[in-house]
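Let's take a friendly walk through a protein model together. Have the sequence and the 3D view ready, and follow along as we go from one residue to the whole chain.

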Amino acid sequence: MGWCGAGTGFAQQAPAVARSVAAPAVAATASASPAPIPFAPAHRTTVTTPSAPDAWGGERTGKEATLSDRVVSYAIDASLDAAKHQVAGKEHMTWRNRSDRAVSHVYFHLYLNAFENDGSTWFTERKVLTAHGRSRGNAVLKRGQWGWIRLQQVAQDGTALEWSFVHPDGGPATDHTVVRIDLARPVPAGGTLALDIGFLSQLPRVVERTGWWGDFNLVGQWFPKIGVLELPGERGATTVRWNVHEFHFNSEFYADFGSYDVRLDVPSDYTVGAVGRLQGAPQTANGRTTYHYVQGDVHDFAWAAAKGYRTLDGTYTGAGSPTVAVRVIYPPEYAASAAPTLKSTIDSLGYFSQTIAPYPYRTVTAVIPPYNAQEAGGMEYPTFFTSEGYKKVEPGTTSQYMSDFVNIHEFGHGYFYGILASNEFEEPMLDEGMNEFWDDRMMRARHEDLVVASPLMKWLGIAPAMSGFQMERLGAELRRPEDPLAQNSWDRLSSSSYGTVYARTATAMHDLEQRIGEPAMEKAIRLYYRRWHFRHPSVADLRQALIDGSGDAKAVNAIFDQEVYGTRHIDDRVADIDVQEVLPQAGVSWQDGKREEVDQRALDKQVARQRADWKKAHPGAKPGSGGPFPWHSTVTVLRDGARVPETLHVTFADGSHEDVRWNDDRRWARFDFTRPSKVVSAELDPGRQAYLDADKLNDSYATKPDGAASRRWTADVAAVLQALYSTLVTL
């Protein structure tokens with residue numbers, strides 16, 4: 001059957017191994033091939049050296065003609081076959097060779113081929129990583145549900161070219177997510193390449209990030225996209241190299257900034273949303289409608305087309321930003337989510353604009369996928385993201401919190417993934433982790449916590465709540481981190497370990513903020529943005545910006561050494577409290593050269609007399625709160641893992657307190673107190689701000705058991721039972 005046939009997918013026709021694929025016409029060959037340009041390493045990708053100041057053309061000042069240094073441009077005409085969930089496309093791409101050498105081969109991502117068969121890198125890694133962890137992309141594809149992308153023709157100035165599949169990361173030969181295109185004429189240093197590409201994309205049934213369900217189509221990573229040619233001094237590169245990784249299971253994307261001019265031809269009864277700004281009114285003829293979208297200074301383009309969907313519109317205006325048109329596209333079953341999604345998106349525009357930098361684009365589009373297409377939710381593209389739908393969203397409920405957080409998170413990607421265009425393949429913490437941190441800050445500023453209560457519990461007055469940062473701590477796997485945060489997305493023990501990139505980064509940045517202060521953290525992130533917006537920063541660039549912005553290299557380096565570049569476990573605890581009354585001592589002493597000896601029996605009588613006299617003078621004194629003799633108390637603290645600065649809060653029997661600082665390299669320490677009253681309890685981190693500590697239950701110690709907590713929970717349970725019995729009596 002032909003490539004466009006309905007019954008046979010690319011998974012059954014693709015070549016089993018990487019080999020040259022014949023183009024529609026005989027390709028011309030260059031007379032002399034330049035030296036090959038290597039791939040970026042498949043492993044050991046961690047960047048510890050800051051990028052050069054002139055990386056990616058240098059810091060953007062705002063005086064340039066365009067927001068970004070546009071390296072690539074795409075003009076695409078695409079037509080959706082809604083019945084087959086296929087997109088036929090014609091792409092004209094221009095690309096500028098930024099390097100100092102000629103380029104004879106270029107490399108493209110064909111991301112949809114991750115879903116063509118079980119032999120792709122994506123599916124191969126899924127089998128291993130999900131066996132040792134969790135992931136949302138667990139859908140099983142059946143016949144007719146696979147996805148793929150086929151190059152139909154590639155031409156350079158009218159000359160047909162040849163291509164072949166390659167495996168930059170050493171993945172299986174059956175992976176076809178990266179293709180090498182051999183040029184007819186090399187692109188000289190500083191020169192521009194123009195290619196005309198015909199392609200056919202088959203969307204998969206939604207697995208993760210892209211695909212179809214029913215009449216809904218999320219069209220992401222759907223067109224041939226050129227890889228990134230990195231230069232020395234950019235993200236740890238020491239030579240010119242192609243950064244063009246296979247599509248790994250946990251990885252996302254990385255691409256050059258450029259411009260997109262895209263025309264989308266769809267059935268007229270479909271609602272469309274896309275990256276960028278709609279140009280004029282859609283054109284309709286013969287039951288089909290063409291939408292024309294344009295967006296500059298972005299590095300990807302995605303869109304959605306769905307039958308029977310509705311829209312809700314709003315606007316954002318803020319200092320330094322253009323007027324932003326905000327649109328929510330949603331299915332009828334999730335109508336309750338439309339207004340909350342619009343509000344939280346507009347609120348996010350305000351928060352991120354005020355705390356980082358003004359939003360620079362004119363549109364934001366949020367799409368709510370339908371029921372049974374949850375894997376398509378929670379995905380981000382420049383000016384465009386997918387959310388999650390709820391049939392009921394009520395203030396103060398879990399659905400309200402989750403709806404707001406997902407919207408804030410996916411919008412926030414527009415900054416940390418979109419404008420700060422980090423390499424999500426190699427450094428996921430720069431996007432997922434840093435974005436998660438800033439999202440939690442916004443939720444904290446809104447005083448919005450997750451209320452863990454059913455309607456019945458709330459009616460009974462029992463509504464325990466948890467902040468975003470507290471939830472992050474619970475999911476950060478702090479007891480035994482397996483992989484450094486700076487590790488790439490695929491060299492990880494499990495999908496669960498990859499998942500800690502979100503929670504552990506947010507927790508680490510929370511603790512760093514507590515050490516340096518919120519104003520210093522905000523100043524540092526603004527500096528990071530100012531240096532690296534519309535460029536491609538590395539983890540090392542983030543560290544340098546945090547140091548320069550906060551002025552506290554010690555605090556920043558401690559977090560990066562322990563958490564970002566390391567896997568240090570943190571658990572400080574109060575081990576013991578020893579209390580002893582300071583009494584006169586028996587034995588020999590010398591005064592003015594004369595020997596004096598105190599007999600223990602006489603001393604006991606003296607002590608007893610002094611006690612009786614003091615008790616008579618203080619009839620209402622509580623035991624241990626004072627007396628004729630002072631108390632010597634020793635608090636012992638232990639450190640299991642990395643050093644962290646700690647405050648030890650000590651409480652005495654008379655109600656007084658004393659704070660001491662523990663901020664050295666000792667594995668254990670003893671703190672001594674000699675006072676009229678004895679120590680009755682001690683607590684590390686009394687403000688509960690050290691979230692990286694794996695076990696907060698051992699942070700405190702008391703000389704006597706405190707039943708307040710158990711009494712509180714007993715009273716709550718009793719109240720529930722009483723209310724339940726009262727209800728039963730009335731029935």
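Start at Leu278. If you set aside the neighbours within four places in sequence, Leu278 is in contact with Tyr291, His292 and Tyr293. Keep in mind as you look that this is a predicted model. You can find Leu278 in strand 17, which covers residues 277-278.

**The whole chain**

Now zoom out. The chain has 731 residues, and 54% of them are buried. It holds 13 helices and 36 strands. Along its principal axes, the C-alpha trace spans about 115 × 75 × 50 Å. How do contacts relate to sequence? Take the contacts between residues at least 6 apart in sequence: 74% of these join residues at least 24 apart.

**A sheet and a helix**

Next, look for an open sheet of 5 strands, with the order 21-22-23-25-24 and mixed pairing. Which strands sit at its edges? They are strand 21 (310-316) and strand 24 (379-381), each of which pairs on one side only. On average, and ignoring direction, neighbouring strands of this sheet are turned by 15° against each other.

Strand 21 runs antiparallel to strand 22 (residues 324-330), and 7 bridges join the two.

Helix 4 lies across strand 23 (363-367), strand 24 and strand 25. With strand 24, helix 4 makes an angle of about 35°.

**Spaces inside**

The structure holds 6 cavities of 30 Å³ or more. Here are two of them, side by side.

| Cavity | Volume | Lining residues by type |
|---|---|---|
| Largest cavity | about 90 Å³ | 9 nonpolar, 2 polar, 1 charged |
| Second largest cavity | about 70 Å³ | 4 nonpolar, 1 polar, 4 charged |

Which element gives the most to the lining of the largest cavity? That is helix 4, with 4 residues. Strand 25 (384-386) and helix 4 (398-419) each supply at least two residues of this lining. Among the residues that line the largest cavity are Tyr359, Tyr361, Val364, Phe384, Phe385, Glu410 and Phe411.

The second largest cavity is lined by Trp56, Asp69, Val71, Arg98, Asp256, Phe257, Phe534, Arg535 and His536.

**A helix with buried residues**

Finally, turn to helix 11 (residues 553-564). Which of its residues are buried? They are Ala555, Val556, Ile559, Phe560, Gln562, Glu563 and Val564. What covers these buried residues includes helix 8 (495-516) and helix 10 (539-550).

Methods
Residues numbered from 1 in each chain as written. Predicted model: local features only at pLDDT ≥ 70, side-chain atom pairs only at ≥ 80, totals over all residues. Heavy atoms only, no water. 1 Å grid on protein atoms, 1.4 Å probe; cavity = no way out; pocket = protein on both sides within 12 Å on 5 of 7 lines; lining within 4 Å. Points joined across faces, edges and corners; volume = space filled by probe spheres on them. Nonpolar A, V, L, I, M, F, W, Y, C, P; charged D, E, K, R; others polar. Contact = heavy atoms within 4.5 Å. Pairing = 2+ DSSP bridges. Axes fitted to C-alpha atoms, helices over the stretch in contact; angles between N-to-C directions. Buried < 20%, exposed > 50% of the residue type's maximum accessible area, 1.4 Å probe, protein only.
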